[in-house]
Amino acid sequence: MAALIVIALIAGAGYLVSLRIHPLRRCPVCKMTGRHFGSVYKGSYRKCRACGGTGRKDRLGVKVFFGGTNDTGIYR
Ligand SMILES: [Zn+2]
């Protein structure tokens, strides 16, 4: 049982380190293009609303454990 707890702690610490190194994931809406294309006029597009046109989104753990980076990937 103690071994399980140790493994869980190591995995948790590794996850936190991973969040610090790679705080962002790609935007699930625009797939990191930052654009949302129209369905009728193929050349028309607007900025993706989910990520503000950056294509970047904070990972869930970044928001939960570090208060988020406002989708910039920069910790303050
Ligand atoms: Zn997006």
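Author: The chain has two helices and four strands, and from the N terminus on these elements run in the order α-β-β-β-β-α. Please keep in mind throughout that this is a predicted model.

Reader: Fine, then what is the average pLDDT of the chain?

Author: The chain averages a pLDDT of 95, and 100% of the residues score at least 70.

Reader: And where in the chain is confidence lowest, and where is it highest?

Author: Confidence is lowest in strand 2, residues 35–37, where the mean is 94, and highest in strand 1, residues 24–26, where the figure is 97.

Reader: On to overall shape. What radius of gyration does the chain have, and what would a compact globule have?

Author: The chain has a radius of gyration of 17 Å, whereas a compact globule of 76 residues would come out near 11 Å. The C-alpha trace spans about 60 × 25 × 15 Å along its principal axes.

Reader: How much of the chain counts as buried?

Author: Of the 76 residues, 13% count as buried. As for contacts, if one takes those with a separation of 6 or more, residues 24 or more positions apart account for 38% of them.

Reader: Let me turn to helix 1. What span should it have, and how far apart are its end C-alpha atoms?

Author: Helix 1 covers residues 2–21, and at 1.5 Å a residue its 20 residues should span 28 Å; the end C-alpha atoms are 29 Å apart, which agrees with that expectation.

Reader: And does that helix lie in the open or is it buried, and why?

Author: Helix 1 lies largely in the open, because the number of buried residues among its 20 is one.

Reader: Now strand 1. What can you tell me about L24, which is found there?

Author: L24, in strand 1, is buried, because 20 other C-beta atoms lie within 10 Å, and 20 is the number at which a residue begins to count as buried. Not counting residues up to four places away in sequence, L24 touches R56, K57, D58, R59 and G73.

Reader: And how far is L24 from G67?

Author: L24 and G67 are 43 residues apart in sequence, and their C-alpha atoms are 13 Å apart in space.

Reader: You mentioned M32. Where does M32 lie, and what is its phi?

Author: M32 lies in the loop between strand 1 and strand 2, and its phi is near 75°, a positive value in a residue other than glycine. Most residues other than glycine have a negative phi. M32 is partly exposed, with 17 other C-beta atoms within 10 Å.

Reader: Which segment holds D71, and what is its phi?

Author: D71 lies in the segment after helix 2, the helix that covers 60–66. Its phi is positive, about 60°, although D71 is not a glycine. D71 counts as partly exposed, with 19 C-beta neighbours inside 10 Å.

Reader: And which residues is G52 in contact with?

Author: Leaving aside neighbours within four places in sequence, G52 is in contact with K47 and D71. G52 itself is found in the loop between strand 3 (45–47) and strand 4 (56–58), and with 14 C-beta neighbours inside 10 Å it counts as partly exposed. The C-alpha atoms of G52 and R35, 17 residues apart along the chain, are separated by 9.0 Å.

Notes
Residues are numbered from 1 along each chain as its sequence is written. This is a predicted model: local features need pLDDT of at least 70, side-chain atom pairs count only at pLDDT 80 or more; totals for chains, interfaces and linings use all residues. pLDDT is the predictor's confidence in each residue, from 0 to 100. The expected span of a helix is 1.5 Å times one less than its number of residues. A residue is buried if 20 or more other C-beta atoms lie within 10 Å of its own, exposed if 12 or fewer, and partly exposed in between; C-beta atoms are placed from the backbone. Two residues are in contact if their C-beta atoms, placed from the backbone, lie within 7 Å. The radius of gyration is taken over C-alpha atoms; the globule rule is 2.2 Å times the number of residues to the power 0.38.
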